[in-house]
Amino acid sequence: MIMGRQVWRITVPILIWKWLIDRVQINLRILFKEIPANRRLVTIQGYEEFLKRNQELLLAKKEIENSWGVVDDPDLYGPLYHNVSKFKKSYDLMEKIFKVYIYREGQRPYFHTAALKGIYASEGWFMKLISVNKQFVVTDPRKAHMFYLPYSVYEIVQGMYVPDSHNMHPLQLFLRDYVNMIAAKYPFWNRTRGLDHFFVACHDWGPYTTREHPDLMKNAVKALCNADLSEEYFVLGKDVSLPETNLHSVRQPPKRLGGNSASQRSILAFFAGNMHGRVRPVLLQYWKDKDDDMKIYEVLPARVAKKMSYAQHMKSSKYCICPMGYEVNSPRLVEAIYYECVPVIIADNFVHPLNEVLNWNAFSITVAEKDIPKLKDILLNIPEKRYRSMQLRVKKVQKHFIWHRNPLRYDIFHMILHSIWFNRLNQIETLETKG
C-alpha cells in the first residue's frame, strides 16, 4: 500500500508535466502555422539575433561603467566633458560595435530627403550622411542594434499642414499609419514596441507629430531640437537634444567660423532677433536701449548693421544671449559657438544639446528666465579668469558642432549618433534593472 502511494506520487507529477509539454507543443504548432512560411525562420533566427544584439549592448554598457583613468587623446579636451574617460570608451565602442538599419519604405519628399539649409538643417544633414554611411549602417536588419525611421518632420509640415489651420492631426495620423505599416511588415518594432527605433527632427513640431502613436511618442528614441523637459514628449536619459544648426551653404557647411580673441571683444552682451515666445519680449523690456554694454535689439537696425553686421557683433561680444523662441531651442546657441562667443542660455526646462557627455557649465552660462532683470550683474560678476577659460573651451568644443560633407571623428554627425547609442545603452540598463 505504501509502495503504491509512492508510485502514485511520482507518476502523477510526471503525467502533469507531460500534459503541459504537449499543450505547449500544440500551441507552438498553432502559432507557427499562423506565421507565413517565409517568415517562420526569420522569427526564430531573428529572435536569437535580437538577443545577441542586446547582449552586445549590455557588455558595452558594463565596459563603459568600468572605464577609468586619464585618456590620452589629443582630440579630447577633458574639461569639456562630464567624464572624458567614459566618453572615450563609449565612443570607441560605438565605432566598433554599433549598427543601424534604415527602413527603405516611404516616398520622397517626406522620406529619405530633408532640407540641408536653414534652421532645420540638422535633420537633413543627419539623414543625408547616415544614408551613405558604410561603417554604421547594415543592410541586414537582424544585425542592427537600432532602426532609423527616415522621415522629415519639416517636409511633412511643408506638404501637409494647412497654413493657419492650427491642425496637426493629419500629420499625426500620417506618421501613425507609417509606423503601423512598418510594424506590420517587419517583426522588429513589435519586439520592443519601438524602444530600439529612433528618428531625428529639428522642426519645432517634431515631438507633437508623434501623439497619435503612443509607442512612437513614449518608447522610440527621439532626437529633437525642441528638447523641453516641461512637456511629456521629451524623456531625459532616453531622448536626445539635437543641436539646431542654421546653415547657409550646402557645399561647405558651415562657413565663417571664428571670432576675435578674448581681449578684443569690446561688447559685454549681444542679441538681435524676432520677438518669438515669452522670453524675448521680457529681454527687450529690460535691456533694449538701456545700457551701452548690452547691445540688445529686436531686429538689427539698418543703421547699426551698416557699421557692424550680425556676425561681426557676435565675433566682437564676450557673451551672446541665446533666449528661447516659440520653443526652448534656438540656433543662436550653435552660432555663438561658431563665432567663439560664450553662450548665455535663457530657456527654463531646456535640455542642452549632447548633454549626455558635454558639461555645458564649462563653456556657457545658464540664466533663469526670472533673472533677466539681473542679467548684466550676473555677467559682470563672472571673474575675468573664468570668462577667458570659458571662451577657450568654446573654441575647443566647436568641432563637436560642425558638419562635414565627409564626416570626421567627433564631429556633429558622430556626436548625434553617439548620443542615440549612449541613450539606448541607458535604456538597456533600465530594463535589466527593472527585470
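How many salt bridges does the count come to? The count comes to 23 salt bridges, a salt bridge being a side-chain nitrogen of Lys or Arg within 4 Å of a carboxyl oxygen of Asp or Glu. This is a predicted model, in which local features need pLDDT of at least 70 and side-chain atom pairs count only at pLDDT 80 or more, whereas totals for chains, interfaces and linings use all residues. Residues are numbered from 1 along each chain as its sequence is written, and side-chain values use heavy atoms, with hydrogens and water left out.

**Overall make-up**

- The protein chain contains 15 helices and 10 strands; helices (H or I, at least four residues) and strands (E, at least two) are DSSP runs, numbered from the N terminus.
- Of the 435 residues in the protein chain, 52% are buried; buried means under 20% relative accessible area, exposed over 50%, and partly exposed in between, with a 1.4 Å probe and protein chains only.
- Among contacts in the protein chain with a separation of 6 or more, 71% come from residues 24 or more positions apart, where contact means heavy atoms within 4.5 Å.

**The parallel sheet and its helices**

- An open sheet is formed by five strands in the order β7-β6-β8-β9-β10, with parallel pairing; two strands pair if DSSP finds at least two bridges between them.
- At the edges are β7 (294-297) and β10 (365-366), each of which pairs on one side only.
- Strands β6 (residues 267-272) and β8 (residues 317-323) run parallel and are joined by three bridges.
- Alanine 269 has tyrosine 319 in β8 as its bridge partner.
- Helix α14 (residues 384-397) packs on the sheet and touches β8, β9 and β10, its direction making about 95° with that of β9.
- Helix α9 (residues 279-287) lies across β6, β7, β8 and β9 (342-346) and runs at about 130° to β7.
- For these angles, axes are lines fitted to C-alpha atoms, for helices over the stretch in contact, and angles run from 0 to 180 degrees between N-to-C directions.

- Helix α3 (residues 84-97) has 14 residues, which at 1.5 Å a residue should span 20 Å, and its end C-alpha atoms are 20 Å apart, in agreement; the expected span is 1.5 Å times one less than the number of residues.
- Because 10 of the 14 residues of α3 are buried, this helix is largely enclosed by the rest of the structure.
- The buried residues of α3 include Phe87, Lys88, Tyr91, Leu93 and Glu95.
- The N-terminal end of α3 is capped by asparagine 83, with a side-chain oxygen 3.1 Å from the backbone nitrogen of serine 85.
- Helix α4 (residues 121-131) is mostly covered, with nine of its 11 residues buried; among them are Trp125, Phe126 and Met127.

- Aspartate 72 lies in the loop between α2 (37-65) and α3, and it counts as exposed at 78% relative accessibility.
- Between aspartate 72 and lysine 88 there are 16 residues in sequence and 9.6 Å in space, C-alpha to C-alpha.

**Salt bridges**

- Side chains of opposite charge can pair when their charged atoms come close.
- Aspartate 92 and arginine 409 meet in a salt bridge through their side chains (3.2 Å, N to O).
- This pair links distant parts of the chain, 317 residues apart, with aspartate 92 in helix α3 and arginine 409 in the loop between α14 and α15 (412-434).
- Aspartate 92 is partly exposed at 29% relative accessibility, and arginine 409 is partly exposed with a relative accessible area of 38%.
- Arginine 193 and aspartate 215 form a salt bridge in which the closest N and O atoms are 3.1 Å apart.
- Arginine 193 is in the loop between α7 (188-192) and β3 (197-201) and aspartate 215 is in helix α8 (residues 214-218), so the pair ties together parts 22 residues apart in sequence.
- Arginine 193 is exposed, with a relative accessible area of 52%, whereas aspartate 215 is buried, at 15%.
- Lysine 238 and aspartate 239 form a salt bridge, their closest N and O atoms being 2.7 Å apart; lysine 238 is buried at 3% relative accessibility, and aspartate 239 is buried at 1%.

How values were computed:
A polar contact is a pair of N or O atoms within 3.5 Å; within protein, one must be able to donate a hydrogen and the other to accept it, and residues adjacent in sequence count only if both atoms are side-chain atoms.
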